[in-house]
Amino acid sequence: MKFPLLFALMSAVGLSASSAAEPAAATKPATTPAKTEEAIFGGGCFWCTEGCYLIVKGVSKVVSGYTGGHVENPTYKQVCTGETGHAEVIKVTFDPAVVSYKDLVDLFWYAHDPTTLNRQGADVGTQYRSAIYYTSEEQKKIAEASKAEHAKEFSSPIVTEITKEAKFYPAEDYHQNFANNNPTQGYVCNVVLPKVDKFKAKLKKLAK
């Protein structure tokens, strides 16, 4: 008979009758990671803009760095001279299903003063210029439209440059998440935190 032979074969390979009869367990589908996009903004000292965007809902990562210059792998000391052509910027990684690129650009005008050329308060130099570095033509259109829309809110013209992204260099490790890691540092207490508090008032439903 076939059945005794079948059980004998199953025993030989270490199977049981019940395991042979059971269907294979269904494979659980892998969780699809959230689709993310990136935005690059320059608004003076990156400690300030980083602190602002870290509290925006839908933003998963903010990296301080340098872009727009002509020196490979610039250091903070080099950028501070204003001679490398770089701007201090942040690269924002965000979930467009939670916060749109337009939302981020609309908030950008409140994260700094976009009417002062190459300057934010006491920070003076081209490295502190106001700039939006777009990563696509769609981002360019959104940024330009937002700039025109918000221009009426300022008594002086907006001087923010809107230009195509250039090579981005992450800043040194100690610059990352600077305000949270150095809450009692003088510049953080006197400049960064007041800016973040002012920015927070504009977030409304987009606050984390």
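This is a predicted model: local features need pLDDT of at least 70, side-chain atom pairs count only at pLDDT 80 or more; totals for chains, interfaces and linings use all residues.
I take helices (H or I, at least four residues) and strands (E, at least two) as DSSP runs, numbered from the N terminus. Residues are numbered from 1 along each chain as its sequence is written, and side-chain values use heavy atoms, with hydrogens and water left out.

**Entry 1: Val92**

I looked up Val92 and found it in strand S3 (residues 87–94). Val92 has 0% relative accessibility and counts as buried. I count a contact when heavy atoms are within 4.5 Å. Leaving out residues up to four places away in sequence, I list Glu37, Glu38, Ala39, Phe41, Tyr53, Val59, Lys61 and Leu104 as touching Val92. For Val92 and Leu104 I note 12 residues of separation in sequence and 9.2 Å between C-alpha atoms.

**Entry 2: the chain as a whole**

I noted 8 helices and 8 strands in the protein chain. The chain has 208 residues, of which 39% count as buried. I then took the contacts between residues at least 6 apart in sequence; 76% of these join residues at least 24 apart.

**Entry 3: helix H5**

How many of the 11 residues of H5 are buried? I count 8, so H5 is largely enclosed by the rest of the structure. The buried ones are Tyr101, Leu104, Val105, Asp106, Leu107, Phe108, Trp109 and Ala111.

**Entry 4: H5 against H3**

Two packed helices are described by the angle between their axes and the distance between the axes. My axes are lines fitted to C-alpha atoms, for helices over the stretch in contact, and angles run from 0 to 180 degrees between N-to-C directions. Helix H3 (residues 46–53) packs on helix H5 (residues 101–111) at about 135°, and the axes are 11 Å apart. I call angles under 35 degrees roughly parallel, over 145 roughly antiparallel, 65 to 115 roughly perpendicular, and the rest oblique. H3 and H5 are therefore oblique to each other.

I read the crossing of H3 and H5 as right-handed. The convention is that a crossing is left-handed if the near helix is turned anticlockwise from the far one by less than a right angle, and right-handed if clockwise. On the H3 side, Thr49, Cys52 and Tyr53 meet Leu104, Leu107, Phe108 and Ala111 of H5. I sorted this contact by class and got 6 nonpolar, 1 polar and no charged residues. In this sorting Ala, Val, Leu, Ile, Met, Phe, Trp, Tyr, Cys and Pro are nonpolar, Asp, Glu, Lys and Arg are charged, and the others, Gly among them, are polar.

**Entry 5: H5 against H6**

For H5 and helix H6 (residues 137–150) I found an angle of about 40° and axes 9 Å apart. That makes H5 oblique to H6. The crossing of H5 with H6 is right-handed. From H5, the residues Tyr101, Lys102, Val105, Asp106, Trp109 and Tyr110 meet Gln139, Ile142, Ala143, Ser146, Lys147, Glu149 and His150 of H6. I sorted these into 6 nonpolar, 3 polar and 4 charged.

**Entry 6: His112**

I placed His112 in the loop between H5 and strand S4 (119–120). Is His112 buried or exposed? Its relative accessible area is 8%, and His112 is buried. Apart from neighbours within four places in sequence, I found His112 in contact with Gly42, Gly43, Gln120, Ser130 and Thr160. I also checked Lys198, 86 residues from His112 along the chain, and the two C-alpha atoms are separated by 9.9 Å.

**Entry 7: cysteines**

I searched for disulfides (a pair of cysteine sulfur atoms within 2.5 Å) and found 0. Cys45 is buried at 6% relative accessibility, and Cys189 is partly exposed at 34%.

**Entry 8: positive phi**

I noted Asn177, which is not a glycine but has a positive phi of about 55°. Asn177 lies in the loop between strand S8 (169–170) and helix H7 (178–181) and is partly exposed at 29% relative accessibility. Lys204, not a glycine either, has a positive phi of about 55°. I find Lys204 in the segment after helix H8 (186–200), exposed at 70% relative accessible area.

Note on methods. Buried means under 20% relative accessible area, exposed over 50%, partly exposed in between (1.4 Å probe, protein chains only).
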